[in-house]
Amino acid sequence: MILTKQYRCIHSASCQCTKGHLSEDMIFLVFHNLNWNPKLIATLSCVCKWFDDLAKRVLWKEFCRTRAPKMLCDLQSNGSHIVDGNWRALGKLLIYCSGCTKGGLFNSIQIPGHFVYQTRFSRTSGKSFLLPQCRTDVLYVCDPCEHLDQGEEGDVGFFRGIFKSFATSKVRKMLINKGAKLHPTEVCPYCKAKLWSMLQAKMIPQSASCRLGSYDDCIEYYVCLNGHMLGICTLLPLSDSEEASELE
């Protein structure tokens, strides 16, 4: 006989939900019919701790499986547990461009974060962000989210990604061997973990700017302790970026 795992009720004494609410199974069916709408999942999470826990365990997991099934299958293959317990972080990574604040992670410009409704993550593109000696690692990276005409900064692109089995990756091992320092104040916008600067560690290959269609000296990205990647670049004019793609 298979027993369903029981979860401790985490309603607070003042929570109105203790007077009665839908069961987990019913909420699952409702959100299945809503196609795992991420804004509604986020809204439900704000109701109380019980709904937040349900969203973390179940709803964000189903959202990720529906939005990026092939990537999820790969990330969880070979016994990898990179996603376990971090479904909300991965869900946010899939649909949210973090932007930047002045004096923050990228320091130079203020661009608010926002939802991105369609994003393509590519394992092939991820190879371009790895040094040759690290290209056995698996990294999924999305196309840059373009923010055009940002004054002196020009056309700015934000990109994000995730490593498979980051804890055993060559990138992590190299960062540790180099004695790379974690950012003293800023944390990953997706999981709140500390961040390594790939620019400071001198681990950004030229192929990354070619893949993004950006200037060589205007690209920066960070990797957090959980293997999430986020970065910024200044995009080349369209004709120049096409030439860069051909060179790659």
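## Two helices side by side

Helix H2 (residues 38–45) packs against H3 at an angle of about 165°, and their axes lie 9 Å apart. Here axes are lines fitted to C-alpha atoms, for helices over the stretch in contact, and angles run from 0 to 180 degrees between N-to-C directions. H2 and H3 are therefore roughly antiparallel, a label for angles over 145 degrees.

On the H2 side, the contact (heavy atoms within 4.5 Å) is made by Pro38, Ile41, Ala42, Leu44 and Ser45, while H3 brings Phe51, Asp52, Ala55, Leu59, Trp60 and Phe63.

## About the model

This is a predicted model, in which local features need pLDDT of at least 70, side-chain atom pairs count only at pLDDT 80 or more, and totals for chains, interfaces and linings use all residues. Numbering starts from 1 along each chain as its sequence is written, and side-chain values use heavy atoms, leaving out hydrogens and water.

Leaving aside residues up to four places away in sequence, Leu94 touches Phe63, Cys64, Arg67, Ala68, Met71, Thr119, Phe121 and Arg160.

## The whole protein

There are 9 helices and 10 strands, taken as DSSP runs (H or I, at least four residues; E, at least two) numbered from the N terminus. Of the 248 residues, 47% count as buried, meaning under 20% relative accessible area with a 1.4 Å probe and protein chains only.

Notes. Angles under 35 degrees count as roughly parallel, over 145 as roughly antiparallel, 65 to 115 as roughly perpendicular and the rest as oblique. Buried means under 20% relative accessible area, exposed over 50%, partly exposed in between (1.4 Å probe, protein chains only).
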